[in-house]
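I opened this entry to look up how the parts of one protein chain meet. My notes follow in the order in which I checked things.

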Amino acid sequence: MGLKVYFNGKLVDASEAHVSVYDHGLLYGDGVFEGIRSYNGLVFKLKEHADRLFESAHTLMIKIPLSKEELIQAVVATLKANKLTNAYIRLVITRGVGDLGLDPRKCSQPTVFIIADKIVLYPERIYKEGMEIITVPTPRNLPEALNPQIKSLNYLNNILAKIEAVNGGVEEALMLNPHGYVAECTGDNIFIVKKGTLITPPAYVGILKGITRGCVMELAGSARIPVKEQMMTRHDLFNAEECFLTGTAAEIAPVVRIDGRVIGEGRPGKVTLRLMRDFRRITKTAGVRYR
Ligand code: PXG
């Protein structure tokens, strides 16, 4: 028996969960999504993900046909149906089925689906030894053109950057904003450690305010590690003591080489390792229980 997918109010077999070719999520990337994880039978930061999804949908004037609590219960039901203890959850709301024009008024009913599946992780080596990233030519979208807080189905900006990273022989791309300041990676936020202080770019440079980013800033606070949001250049990154990425999929991934420059000692640093340990602990103990 295959995976069960929540599709417009019902749990159906994955092989029966079909989106129409007239769905504007497909035709125009007109929709929103969240990537969420569960650990040990606990959904991590589910409320925060639901809040962000509702905010993204509100700005796009997509009316989610469930209350926030109903949506949370739908996520829980999907996880239970698939008997997954550790899962990657993809929550997607599209504008729905319309005609071939852009006009969102033609879409009467949003499409809602929730996939809960096993997570594909970065190789363990990356967490032990650290990863290499490169700056790519594609800048992060202008926030004035498309606000990165809207977690939309339109990810071409990041996909172009990802292609450039892969072409360059690495797993992740460092994206700058159109003014040349460090923004983020294709699906992860970036942090450095300098003189013992944790520094990450502020939201206004044009990044998604990641939920993992927020969690890591809180963990640093509890560990009495000073935290600052500050604009950074590549020079700041090259000369950092430590560097790491944060995201729902990556968790905390150490970075040890950027554009050929070795960062710090060239291995995951002590602040990074401390935060990785604290993060792992919180994912195992905090969240919405479902089994
Ligand atoms: N920046 C961008 C552009 C993202 O898309 C993050 C940062 C990290 O945010 P969270 O809230 O997850 O800490 C994201 C989200 C994947 C995948 O499977 C990851 C994201 C989006 C889509 C897919 O790697 N990351």
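I began with the contacts and found that 22 residues of domain 1 touch 18 residues of domain 2. I am working from a predicted model, in which domain 1 covers 4-117 and domain 2 covers 124-282 of the protein chain. I also looked up the separation of the two, and the C-alpha centres of domain 1 and domain 2 are 27 Å apart.

Next I turned to area, since the size of an interface is often given as the accessible area lost when the parts come together. Domain 1 and domain 2 bury about 1,600 Å² between them, and 65% of that lies on carbon and sulfur atoms. On the side of domain 1, I noted that Phe33, Phe44 and Arg52 lose the most area to domain 2, and that together they account for 37% of what that side buries.

Which polar links join domain 1 and domain 2? I counted 8 residue pairs in polar contact, both residues being at pLDDT 80 or more, and 1 salt bridge. I then looked up a salt bridge of arginine 37 with glutamate 251, where the closest N and O atoms are 3.6 Å apart.

Last, I asked which elements supply the side of domain 1 that touches domain 2. Helix 1 (24-28), strand 3 (31-39), helix 2 (46-59) and strand 5 (87-94) each give at least two residues, and strand 3 has the largest share, with 8 residues. Sorted by class, I recorded this side of domain 1 as 9 nonpolar, 8 polar and 5 charged residues.

Conventions
Residues numbered from 1 in each chain as written. Predicted model: local features only at pLDDT ≥ 70, side-chain atom pairs only at ≥ 80, totals over all residues. Heavy atoms only, no water. Domains from an automatic or database assignment. Contact = heavy atoms within 4.5 Å. Buried area = accessible area lost by both parts, 1.4 Å probe. Salt bridge = Lys/Arg side-chain N within 4 Å of Asp/Glu carboxyl O. Polar contact = N/O pair within 3.5 Å; in protein donor to acceptor, adjacent residues only side chain to side chain. Helix = DSSP H or I, 4+ residues; strand = E, 2+ residues; numbered from the N terminus. Nonpolar A, V, L, I, M, F, W, Y, C, P; charged D, E, K, R; others polar.
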